[in-house]
Amino acid sequence: MKRFQIIKYYMPIVLGGILMLSVIGCTDKLDEPFEDEAFTSDVDYTIGEDMIKPLLGAYSALYTRAWEEPLTLGIRGDDVNAAGDQVPMQEQDAFNYLGSQWNLNSVWQLHYNDIVTMFTAMEEIEKYRPAAANDALADQYIAECRVIRAFLYLNVARAFGGCIVIDQLDNIQSTPLSNKDEVMQYIVDETTAAIADLPDVAPNKRTDIPGGITQYTAYAVMALAYQEMEDYQGVVDATSQIISSGEFELSSDFYHLFKTAGKLADENILEFQYSDFNQGEGDRTSFLFAPFGIGGWTPVVTGAGSGWGFYEPTMKYIEFMLDRGETVRLETSVVFTPDGITELEEDYGTIPSWITNANREGDVFNNNARLKFASGKHFLPSTELISGRLSFGSNKNFIVIRYAEMLLMYAEALTRGSTSSISMTAADAVNLVRTRAGLSALGTVTTDDVLDEKFAELAMEWGTRFYDMIRTENTSELSHEGKTFTMDKAYYPFPADQVSELPQLEDGIN
């Protein structure tokens, strides 16, 4: 692929300096701008303390995601409808796939661009190793890149059912296609190899790169890979390491976990970090959250930007939550419009009086032509925007993996017959999550109980619900609101642009 070749040759220069300009939260001054830094295209590998620069470039690549990536990965479950004017996403939400759909090519290409960046970052770190005279630190930085690369492969393989696992940058076109299980085993092997070289702390306790990769990020990615392989003992073993570490706890406030207060929370195992640096102008780093949001709101803060309306919680999810007596998780996860409330009352009947078209902070959500509900997990109240930074969701981090998910994965694996070396039972793990949500404890739990809890807890987050239903082959749940799912629609087709460049993709997954 031509873009692979371009990146390969100029990335050492970029990683050596220029990418430092867009480092996202990777300093011990998370919300302060870089000061008194000089960057050039010249790389001096005799300056040992600069060995961190390629690593910071790797994090910048990870955090710099295009808006369409999380939407494309998240729209197919029964928790989300693809709204707005993006016809390919609406088609994909209805399980109609074409290799020519632009966003599929974007997800593939951007993930592989960053996979190549990880290779190059590791090569650059090795060049600094002699001057740094700190093999343990060099090994740690390389291990961090390996875990980031494993996470990127996880996304691609879950979306497309397999991918090309690159071992050398100069033989991409001759590298055979790997099926999903093969990719997941590669991820397990990579994270296993990386763990010993990583910090043994929660990400938010790192002082060099707060929120950076640690052993527990690696265990979490490993656990997700084991789950995709339906190796539930592997899931228990990996999640047990996270649980028994004592490094993590659920946030006491589910609502504010997804707001500014949730940045680098004790619950977060992997989050993409952005900042306005506590200033209304000048340097900033951000993700474009507008596609998740709603247009036509009346914010408390005049001039606060509105959203595009591309990502809508389903009526099925809302009614599921009402049936369970959910309050804080439903309030946090769903933004209601007047038309949405009316339609909900017509379809469901009497609804709780707390459901309104305003949030706690006083922002009012008006009727919108594109959607009746929006995701509350993907925006900030206007009152939390920094003065002068009024774009939708500005200064918000993007939570990717949470401790709650690890607890529920652990619980499900136990219900499937796996055993644990720690004392926590499946019910214990589920009840930690339920208690935070204000629900009563369960005496025992079944696999279906855990999957329901995951639906309630993790809706709208990174396609988790869709992947769970694929893994359990639950076609009836995914066939909802006029959409019919069959297992031959479990994976996106390989993008046509990639097939034309990589002949091994032509025949698909065996």
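**Close-up views of a predicted model**

**View 1. Helix α11 is largely enclosed by the rest of the structure.** The buried residues are Met315, Tyr317, Ile318, Glu319, Phe320, Met321 and Leu322. What do the buried residues of α11 pack against? Their helix partners are α12 (328–333), α13 (338–348) and α16 (447–458). Their strand partners are β6 (311–313), β7 (334–336) and β9 (373–375). After α11 comes Gly325. The phi of Gly325 is positive, near 75°.

**View 2. Ser333 sits in helix α12.** Is Ser333 buried or exposed? Its relative accessibility is 0%, so Ser333 counts as buried. Now look at what surrounds the residue. Neighbours within four places in sequence are left aside here. Ser333 then contacts Phe254, Pro313, Tyr317, Ala374, Ser375, Gly376, Lys377 and Met460. Tyr317, one of these contacts, is also among the buried residues of α11.

**View 3. Helices α6 and α8 pack at an angle of about 25°.** Helix α6 spans residues 135–160, and helix α8 spans residues 215–228. Their axes lie 10 Å apart. The angle makes α6 roughly parallel to α8, because angles under 35 degrees count that way. The two helices cross in a left-handed sense. Which residues of α6 and α8 meet? From α6 come Val147, Ala150, Phe151, Leu154 and Arg158. From α8 come Thr217, Ala218, Val221, Leu224, Ala225 and Glu228. By class, the contact of α6 with α8 has 8 nonpolar, 1 polar and 2 charged residues. An α-helix has 3.6 residues a turn, so residues three or four places apart point the same way.

**View 4. Helix α8 also packs with helix α9, at an angle of about 160°.** Helix α9 covers residues 232–244. The axes of α8 and α9 are 8 Å apart. On the α8 side, the contact uses Tyr216, Tyr219, Ala220, Met222, Ala223, Tyr226 and Gln227. On the α9 side, Gly234, Val235, Ala238, Thr239, Gln241 and Ile242 take part. The contact of α8 with α9 holds 9 nonpolar and 4 polar residues, with no charged ones.

**View 5. Strands β4 and β10 pair in the antiparallel sense.** Strand β4 runs over residues 268–272, and strand β10 over residues 398–402. How many bridges join β4 and β10? The pairing has 4 bridges. In one of the pairs, Glu271 has Ile399 of β10 as its bridge partner. Strand β10 is mostly covered, with 5 of its 5 residues buried.

**View 6. Phe277 and Glu481 each have a positive phi.** Most residues other than glycine have a negative phi. Phe277 is not a glycine, yet its phi is about 55°. Phe277 lies in the loop between β4 and β5 (297–298). With a relative accessible area of 7%, Phe277 is buried. Glu481 is not a glycine either, and its phi is about 50°. Glu481 belongs to the loop between α18 (475–478) and α19 (496–501). Its relative accessible area is 41%, so Glu481 is partly exposed.

Terms used:
Residues numbered from 1 in each chain as written. Predicted model: local features only at pLDDT ≥ 70, side-chain atom pairs only at ≥ 80, totals over all residues. Heavy atoms only, no water. Axes fitted to C-alpha atoms, helices over the stretch in contact; angles between N-to-C directions. Parallel < 35°, antiparallel > 145°, perpendicular 65-115°, else oblique. Left-handed = near helix turned anticlockwise from the far one by under 90°. Contact = heavy atoms within 4.5 Å. Nonpolar A, V, L, I, M, F, W, Y, C, P; charged D, E, K, R; others polar. Buried < 20%, exposed > 50% of the residue type's maximum accessible area, 1.4 Å probe, protein only. Pairing = 2+ DSSP bridges.
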